[in-house]
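Hi,

Here is the structure I said I'd pass on.

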Amino acid sequence: MSSLRTLLRTVALVGLSAALIAPTAAAHAEPSPADLTRRIETSSTELERVVESYNKLTEDIKVNKAAVARLQARIGPLEEQAEQSRKDVAALANSAYKSGGLRTADALLRPGGSTALLDRLGTLDQLTRQRQERISGFTDTQRRLLDEKKRLDATLARQAAQARELAAGRTRIEKDLAELYELRRQAYGAATERPAPKAAQAEARNVPAVAGDAGTAVRYAFGAIGKPYVWAGEGPGGYDCSGLTLAAWRAAGRSLPHSARMQWGAVAHIGRGDLRPGDLVFYSGLGHVALYVGDGQVIDAPSAGRNVLKRGMNMMSIHGYGRVR
């Protein structure tokens, strides 16, 4: 019996040891290549949203800075006009003082007597009131402009703070991506796709014959194939998604903001059946945009670590379609 109890205790200890060791081994299991790919794609999608939000803030700040400059250009001349009017009023007041300082006897002895004196003083008083009204108009306008500039300055300060927050978030995500890229390098031998300059040459025979500005935009997009994704990039060395569509249409002489969401607000919205090469395809959340090149294909800058490529437009849920005006 003693031997049996000893054996049972030994078996129990072995079983407990196995139970303790097994979870530890599982916890240190290396992620599979498929798991690494999913994690990279998730982080890349999040990074793209941050980058597009950053791009939109940058565009908003540009607009507000231009508005502040226009206001300042208007405020300067108004200040000069108001100062000149103050000088004019001072001169009139001085003249009125001198006229009022005449002795009554002298005034009465002059031709016209008291009537002429009153007429002169009345004219001066009327001119003074007119000048004061002009000054009041200038200062009211100036005050409104200064108030508007103060509001714009406050908006710029808020947006600058938001931009700093987004930049911090972008840095955090890029750090996470760097770690994932290192894992992918260990799994595949490369952290990111290498630029493929010959890819555009290989696709050159597939460029559709499209007339006008849309044709220029399409040819530009084909020429960007194989270039790397670069956050906030708008060429020529690399692009993010809205940077590519911006650059393609800029080549055609059209202006688009560097933000997928703002581009959606700038284009004419069309149906899927109306799509023509050169139109833009927007994806759910308005965090991604691509250039339609015909036959159900788009060219886009996919995500961090990848190159510009041509692919089927249904790679993600579609928000809508737009035509550059």
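Asp 295 is exposed, because its relative accessible area is 78% and the cut-off for that label is over 50%. Asp 295 sits in the loop between E3 and strand E4 (297-300), and its phi is positive, near 55°, although the residue is not a glycine.

Leu 286, however, is buried, with a relative accessible area of 9%. I flagged these backbone spots since most residues other than glycine have a negative phi, and most peptide bonds are trans.

Pro 236 belongs to the loop between helix H6 (212-224) and H7.

That brings me to H7 itself (residues 241-251). Nine of its eleven residues are buried, so the helix is largely enclosed by the rest of the structure. The buried set runs Cys 241, Ser 242, Gly 243, Leu 244, Thr 245, Leu 246, Ala 247, Ala 248 and Trp 249. After the helix comes Gly 253, with a positive phi near 85°.

Which residue of H7 would I click on? Thr 245, which is found in this helix. It counts as buried because its relative accessibility is 1%. The Thr 245 side chain makes a polar contact with the side chain of Gln 263, at 2.8 Å. Apart from its neighbours within four places in sequence, Thr 245 is in contact with Leu 256, Gln 263, Leu 280, Val 289, Ala 290 and Leu 291.

Now the pockets. The largest has a volume of about 370 Å³. It is lined by 21 residues, and those nearest its centre are Glu 41, Ser 44, Pro 302, Ser 303 and Arg 306. Helix H2 (33-100) and helix H4 (113-188) each supply at least two residues of that lining, with H2 giving the largest share, six residues. By class, the lining of the largest pocket divides into eight nonpolar, seven polar and six charged residues.

The second largest pocket has a volume of about 170 Å³. Its lining is made of 16 residues, with Tyr 181, Thr 192, Tyr 229, Ala 304 and Gly 305 nearest the centre. Here H4 gives the most, with four residues. The lining of the second largest pocket has ten nonpolar, three polar and three charged residues.

Last, a word on confidence. The mean pLDDT of the protein chain is 81, and 75% of its residues reach 70 or more. Over residues 1-27, though, the pLDDT is below 50, and this stretch has zero contacts in the model beyond near neighbours in sequence. For residues 101-105 the pLDDT also stays under 50, and the model has two contacts for them beyond four places in sequence. Where pLDDT is low, the predicted coordinates should not be read in detail.

Cheers

Conventions. Residues numbered from 1 in each chain as written. Predicted model: local features only at pLDDT ≥ 70, side-chain atom pairs only at ≥ 80, totals over all residues. Heavy atoms only, no water. Buried < 20%, exposed > 50% of the residue type's maximum accessible area, 1.4 Å probe, protein only. Polar contact = N/O pair within 3.5 Å; in protein donor to acceptor, adjacent residues only side chain to side chain. Contact = heavy atoms within 4.5 Å. pLDDT = per-residue confidence, 0-100. 1 Å grid on protein atoms, 1.4 Å probe; cavity = no way out; pocket = protein on both sides within 12 Å on 5 of 7 lines; lining within 4 Å. Points joined across faces, edges and corners; volume = space filled by probe spheres on them. Nonpolar A, V, L, I, M, F, W, Y, C, P; charged D, E, K, R; others polar.
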